[in-house]
Amino acid sequence: MQQEDGRYLFDDALEMIITFDDAGKISYLNNSARKKLEYGDDLLGRSIGVIFPNTFETSGERLAWEEPGEDQIKNLVAYRKNTTCFPVEVRIVQNNSLSNEYICMANDILEREFLSREVERIRDEAQQAMKVKSEFVANITHELRTPVNGILGNVRELLERELEEGTEKSLRLIERCCDDMNKIINNILDFSKLEAGKFNLEARKFHFRDMMDYVKQTHMNRMTEKGLDFFMTVSPNIPEYIIGDELRIVQILNNLLSNAQKFTSWGKITVEVFRTAMVNDRMELFFLVSDTGIGIDKADKDKLFQSFSQVDASISRKYGGTGLGLNICKQLVELMGGRIEVESEKNKGSNFSFSIWVGICEGDEAVLQQPDDSRHSPGMISQSSENGEGPDDIRIYGTEENQKSLKKNLSKLILCVEMENWEKAESFMETIRQLTEEAPQDVKRIVLRLKMAVQKENYEKTATEFEKLDSFLN
C-alpha cells in the first residue's frame with residue numbers, strides 16, 4: 001500500500017474496505033477486512049470472487065459482474081478463508097483517481113440480522129400471547145354472561161307476578177346488580193378487543209337527536225331518584241342525520257353520565273353538544289358533560305384515563321367500578337379521530353369534554369356550508385338590534401351589531417359573576433355562545449372555556465377567560 005494513494009486513511013476504518021481492478025484483482029485491504037476475512041495479506045493479487053463467489057466471476061481477463069449504480073447498497077454473503085460465510089451490506093464505487101479501479105465498502109450485518117430475527121421472534125410470541133389472552137378473556141366473559149342472564153331472566157319473570165313489597169324490592173336490587181354485572185363484562189370484553197387491536201367501528205347513518213333523546217331517557221330516572229337536575233342541549237346547527245358508530249357514541253356518553261351520576265350527590269348534570277368544525281364531508285362534534293360532584297385533584301387527573309386505575313383506593317371501595325370505563329372511552333374517542341379531556345377541582349365538580357369526527361350525509365354538505373340556515377333554527381337568538389336590523393346581522397360574527405351585542409352580554413355576564421348570581425350568568429353565557437357560533441376557532445375555544453368556568457361557578461377561571469375574550473374583541 002502506497003501512502004500517496006491516500007489509502008492509509010482507510011486502515012483503521014470500522015468497515016471492510018477492499019480495492020480491485022476491472023479484472024477483479026485485489027490491490028488493497030484495510031485492517032478490518034484482514035481481520036474479518038482471516039486472510040491477512042494472502043488476498044492481495046487474488047480475485048475479488050474469492051470473497052464474493054456468488055457475485056463476481058472472471059471471464060477471460062475481465063471481471064463479469066453487474067456494476068451497481070452510484071451509492072447503490074446490496075446485501076451479499078462474504079466468505080472467510082476457512083470457507084465459512086457471513087452477511088454483509090456492500091457498496092461499490094469507481095475510484096475517481098484510477099478509472100480501472102473500484103472500491104468495495106462492506107459492513108458485517110450478522111449481529112444486526114440476529115437481533116432482527118430475535119425481535120421478530122419476540123414480536124410473534126407477544127402476538128401469540130395476546131391472542132391467547134384475548135381468546136381467554138372472550139371465553140370467560142361469555143361464560144359469565146350465561147349465568148348472569150339466566151338470573152336476570154328469572155328475576156324479571158318473577159317481577160311480572162304479584163309480590164310483597166319487600167320481595168319486589170329485593171328482586172329489583174338483584175335485577176340492577178345483574179345489569180351492572182353485564183356492564184362490567186362488556187367493559188372487560190371491549191378493553192380486551194381494543195388492547196388486541198381487533199376493535200372495529202361500524203359507521204352508519206342514524207338520527208342524531210333520537211340518539212341523544214335515548215341517552216337522556218336512559219339516565220333520567222336515576223338522576224330524578226337521586227334528586228339531581230339533568231339538562232341536555234344540542235346545537236341546532238347539527239344536522240338531523242349523521243354517519244358514525246351510534247352504539248359507541250352512546251357507550252361513551254353513558255359511561256361519562258354514569259360516572260357523573262355516581263360521584264354527584266346534589267346539584268345538576270348537563271350535557272351539551274356543538275358542531276365545531278367541518279372539512280369536506282366530515283364534521284367535528286364537541287360534547288361537554290358537566291357535574292357538580294366531588295371533583296378531582298389536579299395531581300390525580302392523569303390517572304383517570306389509565307387502565308384499571310382509580311384516583312384512590314377509597315373511590316373503588318365507596319363507589320365501585322373496574323377503572324376501565326374512562327380508558328375505553330379514551331380509546332374509542334381516539335378511534336373516532338378526537339380527544340377527551342377533563343377539567344376539575346376537588347369538591348367543585350368536573351367537566352369532561354370530548355370531540356369526534358363523523359360523516360355528513362349526502363345532500364347535507366351544501367346546506368351545512370350556508371351560514372344562514374342555523375340562524376332561523378329554534379332555540380337561537382331572536383332579539384332585534386337597536387337600529388331596527390333583524391337578528392341576522394346580530395348572528396353574523398364580526399358585524400357591528402354582533403360586536404355590540406357581544407360586549408353588552410359580556411358586561412351583564414361579569415356583573416352577574418361579581419354578584420355571584422351564577423344562574424343568571426349562565427343565561428347570558430348561552431347568548432354569548434350563540435353570538436359566536438360563526439366565530440373563528442380561537443374565539444370559540446375561549447367561549448367554551450368561559451362557559452365551563454361559569455358552569456363550575458369558578459370565579460378565577462371565569463375572570464381569566466372573560467379577560468381573554470374581552471381583549472380579543474377589543
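How many aromatic pairs does the structure hold?

1. **Basis.** This is a predicted model, where local features need pLDDT of at least 70, side-chain atom pairs count only at pLDDT 80 or more, and totals for chains, interfaces and linings use all residues. Residues are numbered from 1 along each chain as its sequence is written, and side-chain values use heavy atoms, without hydrogens and water.

2. **Aromatic pairs.** The structure holds 6 aromatic pairs. Rings of Phe, Tyr and Trp (its six-membered ring) pair if their centres lie within 6.5 Å; planes under 30 degrees apart count as stacked, over 60 as edge-to-face and the rest as tilted. Phe-274 and Phe-286 form a tilted pair, because their ring centres are 6.5 Å apart and their planes stand at 35 degrees. Phe-274 belongs to strand 11 (residues 268–279) and Phe-286 to strand 12 (residues 282–291), so the pair ties together parts 12 residues apart in sequence. Strands (E, at least two residues) and helices (H or I, at least four) are DSSP runs, numbered from the N terminus. Both Phe-274 and Phe-286 are buried. Buried means under 20% relative accessible area, exposed over 50%, and partly exposed in between (1.4 Å probe, protein chains only).

3. **A ring cluster.** Phe-20, Phe-52, Phe-56 and Tyr-102 are linked into a cluster by ring pairs.

4. **A charge over a ring.** Lys-205 lies over the face of Tyr-241, 5.0 Å from the ring centre. The criterion is NZ of Lys or CZ of Arg within 6 Å of the ring centre and within 35 degrees of the ring normal.

5. **A nonpolar patch.** Phe-136, Ile-140, Leu-144, Met-181, Ile-184 and Ile-188 make a nonpolar surface patch of about 470 Å². Helix 2 (110–159) and helix 3 (165–195) are the elements that give two or more residues to the patch. Patch residues have over 30% relative accessible area and no salt bridge; nonpolar side chains (Val, Leu, Ile, Met, Phe, Trp, Tyr) are joined within 5 Å, like charges within 9 Å. A salt bridge is a side-chain nitrogen of Lys or Arg within 4 Å of a carboxyl oxygen of Asp or Glu. Accessible areas come from the Shrake-Rupley method with a 1.4 Å probe. Ile-140 lies in helix 2. Ile-140 is partly exposed, at 38% relative accessible area.

6. **Positive phi at Thr-83.** Thr-83 is not a glycine, yet its phi is positive, near 75 degrees. Thr-83 sits in the loop between strand 5 (73–79) and strand 6 (85–94). Its relative accessible area is 60%, so Thr-83 is exposed.

7. **Positive phi at Asn-280.** Asn-280, also not a glycine, has a positive phi of about 55 degrees. Asn-280 is in the loop between strand 11 and strand 12. Asn-280 counts as exposed, because its relative accessibility is 65%.
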